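Subject: Structure handover

Hello,

Here is the structure I said I would pass on. My notes follow below it.

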Amino acid sequence: MNTVDLLKSDFKLFLQAMWAQLDLPSPTRAQYAIADYLQHGPKRLQIQAFRGVGKSWITGAFVLWTLFNDQEKKIMIISASKERADNMSIFLQKLIMETPWLKHMIPSGDNSRWSRISFDISCSPHQAPSVKSVGITGQLTGSRADLMILDDIEVPGNSMTELMREKLLQLCTEAESILTPKQDSRILFLGTPQTTFTVYRKLAERSYKPFVWPARYPKATSQYDGLLAPSLVEDIDNGASPWEVTDPDRFDNDDLIEREAAMGRSNFMLQFMLDTSLSDAEKFPLKCADLVVTSVNPTKCPDAVVWCSDPSNTIKDLPIVGLPGDYFYSPMLLQGEWHPYSETICSIDPSGRGSDETAAAFISQRNGYLFLHEMRAYKDGYSDKTLLDILKGCKKFNVTKLLIETNFGDGMVAELFKKHMTQTKQHMDVEEVRANVRKEDRIIDALEPVMNQHRLIVDRKVIEWDFKSNPDAPPEERLLYMLFYQMSRMCREKGAVRHDDRIDCLSQGVQYFTDALSISAFEQIKLAKHDDWQDMEDAWQNDPQSAANSMVFGMDLPTRRKARMLTGNNSVHHWV
């Protein structure tokens with residue numbers, strides 16, 4: 001068998017020759033395993049391997065090997081962005097021109113396509129190009145391909161929320177309509193999970209058989225659901241030590257330790273261990289679905305707010321960064337009359353300059369219901385500009401008390417507020433609170449009972465502001481600062497979320513109102529009605545006819561009957 005036939009028969013040999021052409025070291029064990037699965041794997045597959053293993057380079061070589069075997073093949077490369085897909089196309093063109101045994105694929109005619117968007121090799125005329133690159137949100141319909149490669153289609157920017165992931169999954173399914181109906185047509189997904197609730201898990205449920213290659217041998221294999229690469233499973237059966245490096249030629253132990261320290265454990269488990277087992281929703285008790293989301297009046301509220309999780313109450317036009325299946329719900333009913341709030345406070349969690357935020361939450365209470373009007377967050381610590389802006393919000397919502405955590409600054413921030421209150425002629429009580437319970441336990445203990453009883457009402461504008469805050473930060477960093485991301489990922493493990501300023505600020509304000517939450521809204525409504533009846537009885541004793549005439553038009557049928565009984569006057573008989 002000559003050299004060309006050998007290269008055509010085994011993709012691993014082709015990959016080794018290509019790496020030599022590029023002056024790269026020989027492929028590593030993990031890279032050979034990926035190459036073998038690409039060649040011999042099923043018609044629909046996905047490869048999940050740790051970040052930096054070279055999945056895209058290997059797949060680019062596989063595209064050339066496919067065309068090397070059959071120059072009539074039509075291939076489509078889809079990536080998260082058009083730019084990334086185009087870069088792959090340029091890389092392939094350069095390899096064809098510079099690799100001696102591939103130069104015969106360069107088209108000879110001037111009519112052939114040869115651009116970064118699409119290009120032809122030396123083949124029969126066809127409507128579809130030999131290779132076409134496109135972004136996942138680009139024009140997919142109308143195309144045809146024998147081999148479809150979806151390379152790193154999931155990135156933080158398009159998988160941040162549940163709705164984004166649903167949309168991404170829907171775009172992935174369009175690949176089925178593009179694939180040509182041939183026996184050897186294939187769809188290949190390559191990627192690294194970007195979120196705990198990655199779309200790659202859904203693809204596994206849709207017959208796209210995964211091949212998972214983590215950077216270390218896992219301590220337990222149960223979280224991989226039998227999807228570990230066969231060679232790794234064989235190693236484990238033969239006594240491979242847990243947490244030993246699986247591909248030391250790519251990353252050694254010290255390198256992985258440094259990366260874990262820099263990335264954080266949760267990101268390392270996602271991107272290097274491919275472990276998405278943190279999806280246990282019971283682990284996270286604070287669910288967005290337990291909130292009541294509506295427009296909150298700055299000065300008044302109804303007697304009671306009735307929550308309902310009926311699908312008709314699902315809010316679909318707000319971004320949700322909670323766990324899968326978690327949604328915001330609007331109230332089913334606003335019950336009773338509208339009255340001013342019993343009390344409004346501003347809860348403040350100060351911090352120094354740096355990555356942490358100074359957060360302020362404006363919260364009102366009435367009848368045991370809490371209303372979150374607004375939340376503000378600042379990156380400049382406790383500067384005069386920040387403190388004055390918080391006081392401006394206090395004036396807007398008629399705040400009567402500032403609640404300030406003193407763990408930071410030892411009371412200094414409260415004194416600064418008092419100075420600015422004197423200058424702005426505002427009069428509020430200032431109360432300092434000191435936390436002496438572990439932060440994660442304190443936050444959950446304060447918020448979980450309130451949210452489970454659906455007594456926390458959140459203004460829609462808070463959710464919109466929260467999602468749009470820190471617009472200049474990378475998507476993965478923006479997520480960490482969002483209130484509702486922090487809320488949905490909060491658990492009792494130490495360091496559950498990297499940034500918790502906003503959720504800590506909210507829980508501090510809710511904790512202040514804990515005593516008020518024992519008040520039953522419905523008991524308050526009954527008490528108010530009892531007081532109204534007492535006033536009515538007093539009025540009827542003095543002038544029954546006048547009192548009846550002035551109040552009858554607002555009465556329902558049972559009330560009218562009671563009014564007739566109280567007055568003993570047949571003149572009100574026609575009311576009923």
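A salt bridge here is a side-chain nitrogen of Lys or Arg within 4 Å of a carboxyl oxygen of Asp or Glu. By that rule the count comes to 29 salt bridges.

Some points on the basis of these notes. The model is predicted, so local features need pLDDT of at least 70 and side-chain atom pairs count only at pLDDT 80 or more, while totals for chains, interfaces and linings use all residues. Residues are numbered from 1 along each chain as its sequence is written, and side-chain values use heavy atoms, with hydrogens and water left out.

Salt bridges

Arg460 pairs with Asp317, with 3.0 Å between the closest N and O atoms. The partners are 143 residues apart: Arg460 is in helix H15 (residues 460–468), and Asp317 is in the loop between strands E10 (314–315) and E11 (328–329). Helices (H or I, at least four residues) and strands (E, at least two) are DSSP runs, numbered from the N terminus. For burial, I call a residue buried under 20% relative accessible area, exposed over 50% and partly exposed in between (1.4 Å probe, protein chains only). Arg460 counts as partly exposed because its relative accessibility is 23%; Asp317, at 55%, counts as exposed.

Asp500 and Lys439 form another salt bridge, at 3.4 Å from N to O. Asp500 lies in the loop between helices H17 (483–489) and H18 (501–512) and Lys439 in helix H14 (residues 439–452), so the pair ties together parts 61 residues apart in sequence. Asp500 is buried, at 9% relative accessibility, whereas Lys439 is partly exposed, at 31%.

There is also a network of salt bridges that links Arg438, Glu440, Asp441, Asp445 and Arg492.

Nonpolar cores

A nonpolar core is a set of buried Ala, Val, Leu, Ile, Met, Phe, Trp, Tyr and Cys residues joined through side-chain atoms within 4.5 Å. The largest has 57 residues, of which Phe11, Phe14 and Trp213 touch the most other members. Helix H4 (residues 55–69) gives the most to this core, with eight residues. Leaving aside residues up to four places away in sequence, Phe14 touches Leu7, Ala61, Leu64, Trp65, Phe68, Trp101 and Leu102; contact means heavy atoms within 4.5 Å. A second, separate core has 42 residues, including Met375, Leu479, Met482 and Met490.

Helix H6

The buried residues of H6 are Glu162, Arg165, Leu168, Leu169, Leu171 and Cys172. Among the elements covering them are helix H7 (175–178), strand E6 (186–191) and helix H8 (199–204).

Regards
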